[in-house]
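Have the viewer open as you read, and take the points in order.

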Amino acid sequence: MDFNDTPQEAEFRKKVRSFLEANAEKRSTLAAKPKGDSGSSISSAGAPETVKGEDAAKVALDNAKEWQRKKADAGFAAILWPKEFGGYGGTPIEQVIYAQEEHDYFVHSGYFEIGIGMLGPTMMAWGKDEDKKRFLPKMITGEEIWCQLFSEPSAGSDLAGIRMKAEKDGDEWVLNGQKVWTSGAHFADYGMIVARSDPTALKHKGLTYFYVDMKTPGIEAKPIKQISGSANFNEVFFNDVRIPDSQRIGAEGDGWKVSLTTLMNERLAVGDPPGLDFDQIFEASKEIEVEDGLAVKNSEVRQKMADWYIQSRGLQYTKYRSMTALSKGQTPGPELSISKLVTASKMQDVSSYALDLMDMSGMVHQDQNPILKNLFQNGYFFSAAMRIAGGTDEVLRNIIAERVLGLPQDERSDKKLPFNELPSGKN
Amino acid sequence: MNFDFSDDQKLLRDQARKFLQDKCDRKSVRSILEDNQKNYNADLWSQISELGWTGTAIPEEYGGLGLGMLELCVIAEELGRALAPTPFSSSIYIFAEFLKSYGTDEQKKKYLPHIASGEKIGTFALSETNGKPKPNNIKTQHASGKLNGSKNPVSDGESADYIIVAANSDSNSNYNSLSLFIIDRNDTGVNISSLDTIDPTRPACTVDLKNVASERLGDEGSGWEMIDNIFNRAAVLFSFEQVGGAQVSLDEAKKYSLERFAFGKQIGAFQALKHKMADMYVKIELARSNAYYGAWALSTDSNELPIAAAGARVSASEAYNYASQENIQIHGGVGFTWEYDCHLFYRRSKLLSLNIGSIRQWKENLISNLEKRNIV
């Protein structure tokens, strides 16, 4: 056992480091991530907030594009992509190494993760050659940003239950309906969307997958203000949006299969846990007074912190096990599936407990709150979202139970009936 | 990044697993559980000794195989899976490690070959009363080469040939007055009376000492420091035993949930149980990863060991306690019968989480070591 890179990995890490040192600003280890970016671990978050003013958002976006351009020029923007589409042609372990190194720098890559991590690979697998040639290079450089139009108000965990209508009209399709939880829809140039093309078919059979230009008439994105006050997501309305059949990806009725390609890549896109963890509460406990002195000296506080430590480091070492598998060219085991499940609840427990330690001042949630810059107040709100985004705790437990442990699937009433005959509570 | 056991170590694991499936089935475990006269399975002990397991991490010059601590971790996990009723942990994780770390060359030559061959068994006597052992409750005294006092509980004391005894070597009782002494249990003045434990396959006893002859192990007055270090080493090994037992608890819960039908379906199809088993899995995976980190620290003599060991210990204790508890719950009524095996794991998990200090204690160790290092 050792934690050393192989010679090739070390060589790659050196290259990455020298690129980052020359081009980006290092962040101090304990500084909280900026508000609104605390969710970069979930590929669907990490977009800038929009409620605090469009100018600031535009500056942030421009900075991110500039950074992405540099990354692309250096070849690091899409490490897993093949060279023919402008990628690095690298291995998963190289992708992990890059992410580890970039994590220490103050840069924004969140805007491009969905495109490069999920939508690009979907186009590579299912798209037409001319589309790949036209779109993939600009996805890498950040010139064009993509969003993923999947979830709907009545289809969250049960994604295949979407109702967005796609009706064929000659060589065109007409889209009508609503998408929700779409990160970056308000600044994205393009989106990939799955819609119901045949409501009389079985639920998973009546779907078709498309890409759309977000400037197409009839598309309107509205930010959703979350309990944190930030707006990382949008609801997107489609009113008689006409797109040519050439924008279909995969065959008519194959939308679920194509979506699975996107979703499988989502699981690989999950990065490092956000910066609210044992380390932060341990530091805070050295500053906060409780009934018998400093919190760090209080026995109950120490017992609690130990629990978070073993969860936090347990996840880190689990990642090392996965990296070992990747480094040997193997596919990591299912152990990665536990990461978000543990991280989100831990973050909620840590932040809630930290507010308790602060006692009355825990109530204060404004920028001048001196204790770790509102880190725990923000975490208190953000963690509630994190337990839901990217698979709820309950869906993740089901995935572990069924796919890892091999327990029976839930009994389902939606597999045998045509979609339009399924109970929905609405019809 | 190579955070995994080697192919050779995995081969050792497979062989050990197969051997124990064969030689240490549940009937064999129960034969110790249900027989008050037997403290361990002597046949199994001599077989695993012949295989060299007892000498795994003891240097060749002292009669061992001279393999590393990682190999010992591999074996520990298998012993935990099989609920092996042997004094392996007392003799190998603790007694042998004390000798390896603190024995003089003469002491190593005198004791280790017999421990490596399994022909003699060693253990360690620290606790004297309820609660955490600490200076004000260690009354055993060493004076003029003789030990006087009473120790309990002493794991595997009845089976042991040699016992390391923690005793105050001056009239004080503070963190600098404790020393360690080796005694021969057959010497005059040693009186042993057995104690019932929550897991009779892992027995304990009271050891009364009256003017018992002894030889000192390690420096005078450095007892607590030596104990901390050896308990850290043992904690990693125990964590592998615990992960092994926890994994089997989950496997058996799962198996039963697929066999048992209620309300017209396999009970393993109910989300309440699926999610419970998912939680068991999560705790076990975290514990396994923490144990691996402990194994790395142990095998490389890293100064991370105190933190890595405490993390492994806490994580594994919590995972095994949870898995064995919920295994009973998933079995329902039969889960708390003597006939079903759930209680074997329930007993073992709790006993293992106490025998080198409770979870509470190890959490405190973890945080205080993090404070000392101030490394977060």
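How many bridges join strand β2 (residues 165–169) of chain A to strand β3 (residues 172–183) of chain A?

1. **Ground rules.** This is a predicted model, in which local features need pLDDT of at least 70 and side-chain atom pairs count only at pLDDT 80 or more, while totals for chains, interfaces and linings use all residues. Residues are numbered from 1 along each chain as its sequence is written, and chains are lettered from A and ligands numbered from 1 in the order in which they are written.

2. Five bridges join β2(A) to β3(A), and the two strands run antiparallel. Strands here are DSSP runs (E, at least two residues), as helices are (H or I, at least four), numbered from the N terminus; two strands pair if DSSP finds at least two bridges between them. Asp169(A) has Glu172(A) in β3(A) as its bridge partner. Two residues separate the strands of this hairpin, and Gly170(A) in the turn has a positive phi of about 65°.

3. **The next strand.** Follow β3(A) onward: β3(A) also pairs with strand β7 (residues 233–244) of chain A, in the antiparallel sense and over 10 bridges. Here Ser183(A) is partnered by Phe233(A) of β7(A).

4. **Domains.** Chain A is assigned domain 1 (7–143), domain 2 (147–267) and domain 3 (273–404), with bounds from an automatic or database domain assignment. The C-alpha centres of domains 2 and 3 of chain A lie 33 Å apart. Their contact takes four residues from domain 2 of chain A and seven residues from domain 3 of chain A; two residues are in contact if their C-beta atoms, placed from the backbone, lie within 7 Å.

5. **A helix pair.** Helix α4 (residues 110–126) of chain A packs against helix α5 (residues 129–141) of chain A at an angle of about 170°, with axes 10 Å apart. Axes are lines fitted to C-alpha atoms over the stretch in contact, and angles run from 0 to 180 degrees between N-to-C directions. The two helices are therefore roughly antiparallel (over 145 degrees). Among the contact residues are Ile116(A) of α4(A) and Phe135(A) of α5(A).

6. **The partner chain.** In all, 37 residues of chain A are in contact with 35 residues of chain B. On the chain A side, α8(A) gives the largest share, 17 residues. The elements that give two or more residues are α7 (278–285), α8 (299–327), α9 (339–358) and α11 (393–404) of chain A.

How values were computed:
Parallel < 35°, antiparallel > 145°, perpendicular 65-115°, else oblique.
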